[in-house]
Amino acid sequence: MSTLDQRRKPSRQPSRQPSRQPSRQPSRQQAPGRRAALALGILGVLVAAATFVVPNPTLADLCWALGFAILFVALVVTVVGAVRARGDRLGAVPTSAGGWVSLACFFAAVALAFTAFGEISLALGLVSAASAVGAISVSRERSVPVIMLPLLGGVFVLAFVLGELLIGHG
């Protein structure tokens, strides 16, 4: 027999050994977090939408703020779930330059919010949220302040701008 005859021929049947590649489907532990984030997101939209049917202006403002607060919690649950799903542990200090930039933009936005440069703080809030999303997705940032604070700024800017456009000052 030649060495070619002794070689094992590839089998067309699937291997019974476990695959070394991670599964793309969510595990049973990840699914409740995704369901909770989806439920919170839907609840936040519904509570914010109640603003348009509530006759009392004070209660309508409360619905608007509460709806966006619930949306913020849904975003944090989603991002924390994504960070944990990729196998990273959450930390307290930013580990990337993008994380530090995002926190610097957030604190600058907060510092400028109640000055004559309030419009610049809105732009810095959006830059902060965008750089945080970039740091989390590209640089694998995993610190809790980078997840929470810039997303809070982004949700605040979104709520403020949409509130001015859709509701106004009545």
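S96 counts as buried, at 10% relative accessibility (buried is under 20% relative accessible area, exposed over 50%, partly exposed in between, with a 1.4 Å probe and protein chains only). This is a predicted model, where local features need pLDDT of at least 70, side-chain atom pairs count only at pLDDT 80 or more, and totals for chains, interfaces and linings use all residues. Residues are numbered from 1 along each chain as its sequence is written, and side-chain values use heavy atoms, with hydrogens and water left out.

**Around S96**

S96 sits in the loop between α3 and α4. Helices here are DSSP runs (H or I, at least four residues), numbered from the N terminus. Beyond its neighbours within four places in sequence, S96 is in contact with A135, S139 and E141 (contact means heavy atoms within 4.5 Å). The side chains of S96 and E141 are joined by a polar contact of 2.7 Å. A polar contact is a pair of N or O atoms within 3.5 Å; within protein, one must be able to donate a hydrogen and the other to accept it, and residues adjacent in sequence count only if both atoms are side-chain atoms.

**The salt bridges**

The whole structure holds 2 salt bridges (a side-chain nitrogen of Lys or Arg within 4 Å of a carboxyl oxygen of Asp or Glu).

| Pair | N to O distance |
|---|---|
| R86 and D88 | 2.7 Å |
| R140 and D88 | 3.1 Å |

R140 lies in the loop between α5 (118-137) and α6 (144-166), and D88 in the loop between α3 (57-85) and α4 (97-112), so this pair ties together parts 52 residues apart in sequence. D88 is buried at 14% relative accessibility. R86 is partly exposed at 25%, and R140 is partly exposed at 38%. Salt bridges link R86, D88 and R140 in a network.

Terms used. Helices (H or I, at least four residues) and strands (E, at least two) are DSSP runs, numbered from the N terminus.
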